[in-house]
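Colleague: I am new to this structure and would like to learn how to read it. Could you walk me through it, please?

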Amino acid sequence: MKRKEWILKIDSKRSNEIFEFLSFYGLTSFYSESLPNGKEETFHIYTEDKSMIDEIAKKFGVTCEMKISNDEDWISIWRRSLKIIDVEKGLHINPDPERFQDPEDGITVKVTPGMAFGTGEHETTKLAASLLKTYLKDGMRVCDVGCGTGVLSAIAKKLGASKVLAVDMDEDALKQARETAVLNDVDYEVKKSDLLLNVNEEFDLYVANIVFDVLLKLIPQLPHKVLFIASGVDKPRADEFANFCEKMDFQIIEKRCENEWCAFAVKT
Ligand SMILES: C[S@@+](CC[C@H](N)C(=O)[O-])C[C@H]1O[C@@H](n2cnc3c(N)ncnc32)[C@H](O)[C@@H]1O
């Protein structure tokens, strides 16, 4: 299939803002590359929605070049760039199981390379996974809010969760999350829900890697006295996030950051 590909260059410090903008609009068909100078990134965005591109150009003060490309081209370029992700010692994500063998040590979760968010490459996924490794204790019941490919649900299951519920609003994400369960030979429930609106039971631990504004909407829906792992907070708004939690009488147990992103472990 032919697609419009929009190419733009931006200061690396602002790449998270574009990422957040695209995630907010539910656009997952894009990738970015760091330029050799280390200071800029090139974004390749695949969309027919010219008004979204105009908004990006205006908001970020950039020019966007357009070319027509094949779906297969971008998938193969992007797929070639994938590699095994070492979240930390003993916890890995295999983003292309047809190409890579799982590492021999610890736990590896496989995901199928596709377009729904969550191959595990992004800092926000890695931070959430690493906090899960620290705080998930054997037998805990876990709810993964905004599960994407289900990568965090599969990790939770492999780390010893007794039950996992994966929820998302996006049909493609739900389909991929089900596929990830099969691929990893783990068992978790996948359900369509806008945050926790369609979730009728309580869990010991909630994990969410979602954009900032949506995290703030989720917080008042959480039950008391449970663990909450929140990822997707950009560094400049980390204090705002912590203050919001404290206003709710939630206790911040830990903040972990990588590059421009932070994640929190919170006791509600
Ligand atoms: C940044 S991705 C994270 C995917 C995966 N959990 C990970 O860590 O790689 C955010 C996901 O949240 C979902 N999402 C956004 N708003 C949501 C909402 N209100 N309710 C449920 N899911 C939502 C999106 O569809 C997307 O799959």
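Colleague: Where does Glu258 lie?

Modeller: Glu258 belongs to strand E13 (residues 251-258); strands (E, at least two residues) and helices (H or I, at least four) are DSSP runs numbered from the N terminus. Keep in mind that this is a predicted model, where local features need pLDDT of at least 70, side-chain atom pairs count only at pLDDT 80 or more, and totals for chains, interfaces and linings use all residues. Residues are numbered from 1 along each chain as its sequence is written.

Colleague: Is Glu258 buried, exposed or partly exposed?

Modeller: A residue is buried if 20 or more other C-beta atoms, placed from the backbone, lie within 10 Å of its own, exposed if 12 or fewer, and partly exposed in between. Glu258 has 15 C-beta neighbours inside 10 Å, so Glu258 counts as partly exposed.

Colleague: Which residues does Glu258 touch?

Modeller: Contact means C-beta atoms, placed from the backbone, within 7 Å. Leaving out residues up to four places away in sequence, Glu258 touches Glu123, Lys126 and Leu127.

Colleague: How do the axes of H4 and H5 cross?

Modeller: Axes are lines fitted to C-alpha atoms, for helices over the stretch in contact, and angles run from 0 to 180 degrees between N-to-C directions. Helix H4 (residues 123-135) and helix H5 (residues 151-158) have axes that come within 10 Å and cross at roughly 15°. They are therefore roughly parallel to each other (angles under 35 degrees).

Colleague: Which residues meet there?

Modeller: From H4, Thr125, Ala128, Ala129 and Leu132 meet Val151, Leu152, Ile155 and Ala156 of H5.

How values were computed: Parallel < 35°, antiparallel > 145°, perpendicular 65-115°, else oblique. Contact = placed C-beta atoms within 7 Å.
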